[in-house]
Amino acid sequence: MKNLKHIFAILVVVTFLTSCKDNVSPEVKTVEMETSSEVKELDPNATYAKAEFTIEGMTCAMGCAKTIENKMAHMEGVKSAKVDFDKKLAMVEYDEAKVTPASLEETVKKAGEVYEVKDLKKVDSFSSETMACKPGCTKDCCAGKKAEVKETASNDKPMTCKEDCKMACCAQKAKA
């Protein structure tokens with residue numbers, strides 16, 4: 001009888017060891033996603049406007065900024081949309097007949113309850129397109145461009161050049 005109990009115990013242990021192997025293969029699920037292979041056709045006769053605004057509440061570049069950018073870019077009538085996470089700035093070019101600034105703001109708010117649009121304004125050109133060279137800039141991108149004084153003192157008055165200043169921006173002012 002003892003031998004029978006030992007044999008039975010050995011069979012149970014062997015059964016558990018052979019049946020509980022870690023040969024579990026991952027379950028593969030195929031998920032169909034709706035993809036748009038259509039190319040957005042823009043109306044060549046449309047009047048396009050540009051708007052810039054800040055977006056408060058973004059916490060990351062990939063999750064927040066890209067989501068908002070994609071939502072606006074897929075709106076009917078939007079020619080281009082760009083969201084700069086670092087500057088919290090959105091730049092959108094849109095067909096005035098199909099999109100309004102209010103609908104842009106609504107789209108941002110629908111992307112997430114934490115997002116808040118501030119300082120929405122129509123512009124002639126985006127701020128990143130009109131970046132002025134700082135005085136004394138020697139980079140290739142600034143070669144041949146007129147330097148503008150954009151810096152301000154702590155009291156928000158434009159800084160003026162000293163009489164003995166030899167920077168290019170001051171030389172141009174002296175000639176004028």
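## Pairing of S1 with S4

In this predicted model, strands S1 and S4 run antiparallel and are joined by six bridges. Strand S4 covers residues 116-123.

## Pairing of S1 with S3

Strand S1 is also joined to strand S3, which comprises residues 89-95; seven bridges link the two strands, and their directions are antiparallel. Here Thr-54 stands opposite Leu-89 of S3.

## Burial of S1

S1 spans residues 48-56 and is mostly covered. Of its nine residues, seven are buried.

## Positive phi at Lys-88

Lys-88 is not a glycine, yet its phi is positive, at about 55°. This residue belongs to the loop that lies between strand S2 (78-84) and S3.

Is Lys-88 buried, exposed or partly exposed? Its relative accessibility is 35%, so Lys-88 counts as partly exposed, because that class lies between the limits of under 20% for buried and over 50% for exposed.

## Positive phi at Asp-119

A positive phi also occurs at Asp-119, a residue other than glycine, where the value is near 55°. Asp-119 is located in strand S4, the strand that six bridges join to S1.

The relative accessibility of Asp-119 is 57%. Because exposed means over 50%, Asp-119 counts as exposed.

Note on methods. Residues numbered from 1 in each chain as written. Predicted model: local features only at pLDDT ≥ 70, side-chain atom pairs only at ≥ 80, totals over all residues. Heavy atoms only, no water. Buried < 20%, exposed > 50% of the residue type's maximum accessible area, 1.4 Å probe, protein only. Helix = DSSP H or I, 4+ residues; strand = E, 2+ residues; numbered from the N terminus. Pairing = 2+ DSSP bridges.
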